[in-house]
Amino acid sequence: MDLERLILDAPRRYTPYQAARAADVPMELATRFWRAMGFPDIGQSRALTDGDVIALRRLAGLVESGLISEPMAIQVARSTGQTTARLAGWQMDTFLENLTQSIEPGMTRADVAYPLVELLLPELEQFLVYVWRRQLAAVTGRVVQAAEDTEITSGRLAVGFADLVGFTRLSRRLEEEELGTLVESFENTCSDLIAGFGGRVIKTLGDEILYVTEDPATAAEIALSLVETLAKEDSIPALRVGMAFGTVTSRMGDVFGTTVNLASRLTSIAPKDAVLVDGEFAVALEQNGGVVPPSVCASVDGLDEHQAAGSAEHRFHLQPMWRRPVRGLGLVEPWLLSRHVHDL
């Protein structure tokens with residue numbers, strides 16, 4: 001296929017065994033690398049190229065040099081494969097769908113796609129490398145900072161889930177194109193806002209987005225801004241957000257653990273256009289001075305000038321909710337997070 005040959009930039013000439021031998025890599029390890037990248041077993045078909053041989057040699061060379069272990073090399077292959085598979089799928093769906101809608105009589109979709117891919121491929125390749133380097137620099141900076149900052153080395157993060165209310169019912173009424181537009185608008189709006197405040201989007205799941213920050217106050221600002229921003233969008237359903245603060249396990253770009261599960265559970269019980277946080281999150285906000293103290297909430301009368309100025313610095317207000325059982329986590333006391341209204 002001409003289009004495939006253009007993308008691979010090399011003819012298919014090796015069976016898996018021949019590629020492994022050419023790369024001087026054991027067949028078993030080559031198979032594990034191939035599967036980890038997300039590709040199916042191909043038997044003895046001549047489906048591999050010189051590029052596959054070079055990639056095998058490089059990955060195996062990292063193991064042989066002692067820079068990474070074999071299990072780590074498998075993780076590198078798997079995480080890269082999963083990430084780029086989603087990226088490639090989105091890019092081809094977007095570009096080919098939009099750019100090959102009008103096909104002249106007598107031409108196939110491949111005929112139209114070939115010159116487009118030929119023009120786009122080098123530009124997308126360079127942009128991918130640029131973004132990867134930028135992301136790698138950002139992650140490296142956070143890792144180095146964490147190693148030097150005793151407050152961050154505990155691995156404690158603020159985890160937020162934002163979820164569209166009634167999305168399942170709405171999806172039954174919308175056409176596929178309308179549903180796709182809604183999801184794209186939701187993801188774009190949330191991702192831009194989260195990034196703008198310095199948070200990190202971990203993943204999107206259609207009607208839900210998961211993000212993290214090192215600072216609970218930043219996570220709180222993101223959550224309230226998400227609710228306020230999407231409330232202005234008539235085409236997008238109401239939003240609810242659940243957040244928790246605590247230790248998380250990070251692996252292959254994802255986050256796991258009780259803190260993540262708790263944030264998800266709080267989202268499921270949050271009212272629409274509201275933000276719920278757990279007790280640890282509430283304590284963390286109080287410790288950094290972002291929450292109005294109970295004594296100030298009770299009455300602002302009689303405050304001297306210094307106290308009044310101090311209360312004006314508080315950004316958030318917390319209201320305790322009824323304790324309730326949460327599946328798999330026992331009794332939880334959620335707190336309703338809102339903005340502090342300065343009425344002095």
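Q: Is E214 buried or partly exposed?
A: E214 counts as partly exposed, because its relative accessibility is 32%. Keep in mind that this is a predicted model.

Q: Which residue does E214 form a salt bridge with?
A: Its partner is R200, and the closest N and O atoms of the two are 3.2 Å apart. R200 sits in strand β2 (residues 200-204), while E214 is in the loop between β3 (208-213) and α9 (216-231). The two are 14 residues apart, and the pair links distant parts of the chain.

Q: And R200, what is its relative accessible area?
A: It is 24%, so R200 is partly exposed.

Q: How many salt bridges does the structure hold?
A: There are 14. One of them joins D41 and R35, with the closest N and O atoms 2.7 Å apart. R35 is partly exposed, at 49% relative accessibility.

Q: Back to β2. What does K203 meet in a salt bridge?
A: The side chain of K203 meets that of D254, at 3.1 Å from N to O. K203 lies in strand β2 and D254 in strand β6 (residues 254-256), so this pair ties together parts that are 51 residues apart in sequence.

Q: Which of these counts as buried, and which as partly exposed?
A: K203 is partly exposed at 28% relative accessibility. D254 has 16%. Buried means under 20%, so D254 counts as buried.

Q: New topic. Which residues of helix α11 are buried?
A: In α11 (residues 279-287) the buried residues are F281, A282, A284 and L285. Looking down the axis of α11, they fall within an arc of 160°, so they line one face of the helix.

Q: Which residues touch the most other members in the largest nonpolar core?
A: M243 and L337 do, in a core of 38 residues. Helix α9 gives the most to this core, with nine residues.

Q: What does L337 touch?
A: Leaving out residues up to four places away in sequence, L337 touches A220, L224, M243, V275, V277, L285, F316, H317 and L318. Another core, of 19 residues, lies apart from the largest one, and its members include A19, V25, I74 and A77.

Q: What about the surface: which residues form a nonpolar patch?
A: L87, W90 and L128 form one, with about 280 Å² of accessible area together. L128 is found in helix α6 (residues 109-148). At 40% relative accessibility, L128 is partly exposed.

Q: Last one. What share of contacts joins residues at least 24 apart?
A: The share is 67%, taken among contacts between residues at least 6 apart in sequence.

Technical notes
Residues are numbered from 1 along each chain as its sequence is written. This is a predicted model: local features need pLDDT of at least 70, side-chain atom pairs count only at pLDDT 80 or more; totals for chains, interfaces and linings use all residues. Side-chain values use heavy atoms; hydrogens and water are left out. Contact means heavy atoms within 4.5 Å. Patches are made of residues with over 30% relative accessible area and no salt bridge: like charges are joined within 9 Å, nonpolar side chains (Val, Leu, Ile, Met, Phe, Trp, Tyr) within 5 Å. Accessible areas come from the Shrake-Rupley method with a 1.4 Å probe; for residues, only the protein chains shown count as cover. A salt bridge is a side-chain nitrogen of Lys or Arg within 4 Å of a carboxyl oxygen of Asp or Glu. Helices (H or I, at least four residues) and strands (E, at least two) are DSSP runs, numbered from the N terminus. Buried means under 20% relative accessible area, exposed over 50%, partly exposed in between (1.4 Å probe, protein chains only). The arc is that of the directions from the helix axis to the C-beta atoms. A nonpolar core is a set of buried Ala, Val, Leu, Ile, Met, Phe, Trp, Tyr and Cys residues joined through side-chain atoms within 4.5 Å.
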